[in-house]
Each structure stands twice: as structure tokens, then as C-alpha cells.
Amino acid sequence: GFAVACLGATSRFLGILAATMRHWAAAERHFEQALIANERLGALPALAHTQHEYGRMLLAWNAYGSKERAYELLNTALITAYALNLPVLVEQLELMISSRGVEHAGILDRA
């Protein structure tokens with residue numbers, strides 16, 4: 001037999017790439033597309049990871065109003081990660097959310 005894995009929408013990875021390159025507007029577009037596609041696919045683990053990475057990108061971008069959206073995404077990802085029993089993601093999200101208001105230097109180091 002063989003295993004099949006769904007990594008979710010390709011636009012998630014394009015968003016990570018754009019964020020790593022500090023191309024914020026492009027990253028935002030890709031992440032928004034990935035949110036829609038992963039939700040339509042029912043790819044909940046990929047959706048939670050997309051919300052996490054998109055939230056990290058918004059914190060790094062630090063544009064007007066982006067912090068509120070970032071924490072909304074991170075909180076939603078945390079709920080999904082708990083429900084899906086994704087302990088590594090839960091730990092990462094809890095750490096980010098608990099340090100709210102703290103400078104997020106190096107936030108894209110994992111991207």
C-alpha cells in the first residue's frame with residue numbers, strides 16, 4: 001500500500017515564501033487564498049497551520065490593524081489544534097499568544 005498526505009493549498013507555501021522575503025502584501029494575498037482553499041478542502045490541520053503562519057506574518061509586518069487580525073488567527077488556530085490533537089502546534093501557539101504585546105523579534109525564523 002501507500003500513504004496519502006494532504007499538505008493543503010499551495011498558496012500557503014507561497015505565503016510563507018513571500019513572508020520570508022518580507023513581501024507583506026503578496027504574503028497576505030497568498031495566505032488569504034490558502035485560508036479559503038483549505039477550508040473548502042476540509043483540510044483542518046493545514047488550515048490551522050495556515051492560520052498560525054499568517055498570524056506570525058501579520059505580527060512581523062506590524063501594519064495598522066494587523067495585530068488584532070493576527071491574534072484572531074492565532075486563537076482560531078489554537079482551538080483547531082486542540083481539537084485535532086496537534087501538540088507541537090498547540091505549544092507554539094500558546095507561547096505566541098502568551099507573549100502578546102511583546103516584541104516578536106525573529107518571528108519568521110521557522111518560516
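Ile16 counts as buried, because its relative accessibility is 15%, under the 20% cut-off. Bear in mind that this is a predicted model. The mean pLDDT of the chain is 86, and 85% of the residues reach 70 or more. Here's a quick tour of a few spots, starting with the helix that holds Ile16.

- Ile16 sits in helix H1.
- From C-alpha to C-alpha, Ile16 is 8.2 Å from Met57 in space, though the two are 41 residues apart in sequence.
- Follow the chain to the loop between helix H1 (10–20) and helix H2 (24–41), and you'll find Met21 there.
- Met21 counts as partly exposed because its relative accessibility is 45%, which falls between the 20% and 50% cut-offs.
- Met21 teams up with Leu14 and Leu17 in a nonpolar surface patch, and together they have about 280 Å² of accessible area.

- With a relative accessible area of 0%, Asn38 is buried.
- A polar atom of the Asn38 side chain lies 2.8 Å from the backbone nitrogen of Ala9.
- Beyond its neighbours within four places in sequence, Asn38 is in contact with Gly8, Ala9, Ala43, Ala46, Leu47 and Thr50.

**Where to be careful**
- Over residues 101–111, pLDDT stays under 50.
- The model has 22 contacts beyond four places in sequence for residues 101–111.

Terms used. Residues are numbered from 1 along each chain as its sequence is written. This is a predicted model: local features need pLDDT of at least 70, side-chain atom pairs count only at pLDDT 80 or more; totals for chains, interfaces and linings use all residues. Side-chain values use heavy atoms; hydrogens and water are left out. Patches are made of residues with over 30% relative accessible area and no salt bridge: like charges are joined within 9 Å, nonpolar side chains (Val, Leu, Ile, Met, Phe, Trp, Tyr) within 5 Å. Accessible areas come from the Shrake-Rupley method with a 1.4 Å probe; for residues, only the protein chains shown count as cover. A salt bridge is a side-chain nitrogen of Lys or Arg within 4 Å of a carboxyl oxygen of Asp or Glu. Helices (H or I, at least four residues) and strands (E, at least two) are DSSP runs, numbered from the N terminus. Buried means under 20% relative accessible area, exposed over 50%, partly exposed in between (1.4 Å probe, protein chains only). pLDDT is the predictor's confidence in each residue, from 0 to 100. Contact means heavy atoms within 4.5 Å. A polar contact is a pair of N or O atoms within 3.5 Å; within protein, one must be able to donate a hydrogen and the other to accept it, and residues adjacent in sequence count only if both atoms are side-chain atoms.
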